[in-house]
Amino acid sequence: MNNWLSIYGNKRVLSLLGLGFASGLPLALTASTLQAWLMSEKVDLRTIGLFSLVGLPYALKVFWAPLMDRFTPPLLGRRRGWIIAVQFLLVISIFGLSYSSPASFPPVVAFAALMIAFLSASQDIAIDAYRADVLREKELGPGAATTVVGYRVAMLVSGAMALILSDYLPWRTVYGLMAGFMLLCMLFTLIAPEPENRVVPPTDLKEAVWGPLSSYFRRSGAVEMLIFIMVYKLGDAIAGAMTTPFLLDIGFTRTDVGAVNKAFGLVSTIFGTLAGGLVVARIGINRSLWVFGFLQAVSNLSFTVVALVGKSYPAMVAAIGIENISGGMGNAAFIAFMMSLCDKRFTATQYALLTSFMAVSRIVAGVPTGIMAESLGWASFFAVSVLGAIPGILLLTRFAPWNGQRSAALVETGKV
């Protein structure tokens, strides 16, 4: 217990809980929660489908990240200044969306939702950069874990809680409450500490745009590193794409899946992420990537067991617990690893670039999974998904050697 308190009670680490919450809160408000509002207002399905385009800013954020590296707001420093400015605009935008009418003026709702998504993506850029700047090397794992926990809790608030409230309150009130939560998040930004080391920002926009790219790509193995980032969690992505269809197909109800796969899965992920942060702090990023890489791979076999056993609640609970704990541990180490790669002059742009590549495998890996499951059967599908972890584990020998004596960032750059 003392170990947990000494690591997670640190002000630099603890402040990221609130910032992670602020980062996760707007996401559902422009996605699943907004879709539920549109459905309740009898908006046609084709229009609702088009609303998925409001999420584009999350995929395109790397294009304006250089601006947030180059310019420093007049208050609260280079990172917190951007965070609190964007949060203030998010409060106004969410509150403005609460007064719109999806049935009467869908384009107005779409514009408001797009503005929230743009501001939310901008907030993510600034928070990711702040986290990489403020944490000491030993705190990267715990800091990543704390951020993920806050993010997941916020998604529960703006997703599940908002939907439940909408059964008893008008949508205008629900979104007004969410704006109030975002207003409270500004307090976390105000009390968050400034990074210990002052970093001189890029002197002009040309340096802000090309500096992060040249700084990254002049490293030894820079392209292969991007491949590693795409494939490290590939096995997880393949199995995760079919988990819900699998559980429904073998006889579990939507209530079962919601209660166990979502609620219990969230608790398991939080526990795994926090435990993973502690392990990273104790044994380092490199060794953690090895341990968690194998755990993530083996955890997929728990669903093979469920497929062989059939509809069994104990087996399902065990499989979901194992998978989410292992995935949470892997997230803590992997986020810490990516933070360690960033040049602090260009953290916003470089981290946005790295996370964009990380998202590629999650998106692309899901495409063939339906065909694979149909042709192989569920038991074999989850067994084969373990092979997706092999490329990432093999690349660990180069990018995160077990006995590496230096930080992951230096190992990757070829400077040692």
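Is Asn300 buried or exposed? Asn300 counts as buried, because its relative accessibility is 0%; buried means under 20% relative accessible area, exposed over 50%, and partly exposed in between, with a 1.4 Å probe and protein chains only.

## About the model

This is a predicted model, in which local features need pLDDT of at least 70, side-chain atom pairs count only at pLDDT 80 or more, and totals for chains, interfaces and linings use all residues. Residues are numbered from 1 along each chain as its sequence is written, and side-chain values use heavy atoms, with hydrogens and water left out.

## Asn300 and Gly235

Asn300 is found in the loop between helix 15 and helix 16 (301-309). Helices here are DSSP runs (H or I, at least four residues), numbered from the N terminus. Apart from residues up to four places away in sequence, Asn300 touches Gly235, Asp236, Ala239, Phe382, Ser385 and Val386, where contact means heavy atoms within 4.5 Å. The side chains of Asn300 and Ser385 also make a polar contact of 3.1 Å. A polar contact is a pair of N or O atoms within 3.5 Å; within protein, one must be able to donate a hydrogen and the other to accept it, and residues adjacent in sequence count only if both atoms are side-chain atoms.

Gly235, one of the residues that Asn300 touches, has its place in helix 13 (residues 234-249). Gly235 is buried, with a relative accessible area of 4%. Not counting residues up to four places away in sequence, Gly235 touches Asn300, Ser385, Gly388 and Ala389. By contrast, 42 Å separates the C-alpha atoms of Gly235 and Leu169, which are 66 residues apart along the chain.

## Helix 15 and helix 17

Two packed helices are described by the angle between their axes and the distance between the axes. For helix 15 (residues 285-299) and helix 17 (residues 313-340), the angle is about 150 degrees and the axes are 9 Å apart. That makes helix 15 roughly antiparallel to helix 17. Axes are lines fitted to C-alpha atoms, for helices over the stretch in contact, and angles run from 0 to 180 degrees between N-to-C directions. Angles under 35 degrees count as roughly parallel, over 145 as roughly antiparallel, 65 to 115 as roughly perpendicular and the rest as oblique. Helix 15 and helix 17 cross in a left-handed way, a term used if the near helix is turned anticlockwise from the far one by less than a right angle.

On the helix 15 side, the residues that meet helix 17 include Phe292, Leu295, Gln296 and Ser299; on the helix 17 side they include Ser326, Met329, Phe334 and Phe337. By class, this contact of helix 15 with helix 17 has ten nonpolar, eight polar and one charged residues. Ala, Val, Leu, Ile, Met, Phe, Trp, Tyr, Cys and Pro count as nonpolar, Asp, Glu, Lys and Arg as charged, and the others, Gly among them, as polar.

Ser326 is found in helix 17 and counts as buried at 6% relative accessibility. Leaving out residues up to four places away in sequence, Ser326 touches Leu295, Gln296 and Ser299. A polar atom of the Ser326 side chain lies 2.9 Å from the backbone oxygen of Ile322.

## Helix 2 and helix 8

The axes of helix 2 (residues 11-29) and helix 8 (residues 106-134) come within 9 Å and cross at roughly 165 degrees. Helix 2 and helix 8 are therefore roughly antiparallel to each other, and their crossing is left-handed. Among the residues that make the contact are Arg12, Ser15, Leu19 and Ala22 of helix 2 and Ser120, Asp124, Tyr130 and Arg131 of helix 8. Sorted by class, the contact of helix 2 with helix 8 has eight nonpolar, four polar and three charged residues.

Ser15 is found in helix 2 and counts as buried, at 8% relative accessibility. Beyond its neighbours within four places in sequence, Ser15 is in contact with Tyr130, Ala192 and Pro193. Cys185, in helix 10 (residues 171-191), is buried with a relative accessible area of 1%. With neighbours within four places in sequence left aside, Cys185 is in contact with Phe21, Ala22 and Gln87.

## Leu76

Most residues other than glycine have a negative phi. In Leu76, phi is positive, near 65 degrees. Leu76 is found in the loop between helix 6 (65-70) and helix 7 (77-98), and is partly exposed, with a relative accessible area of 26%.

Terms used:
Helices (H or I, at least four residues) and strands (E, at least two) are DSSP runs, numbered from the N terminus.
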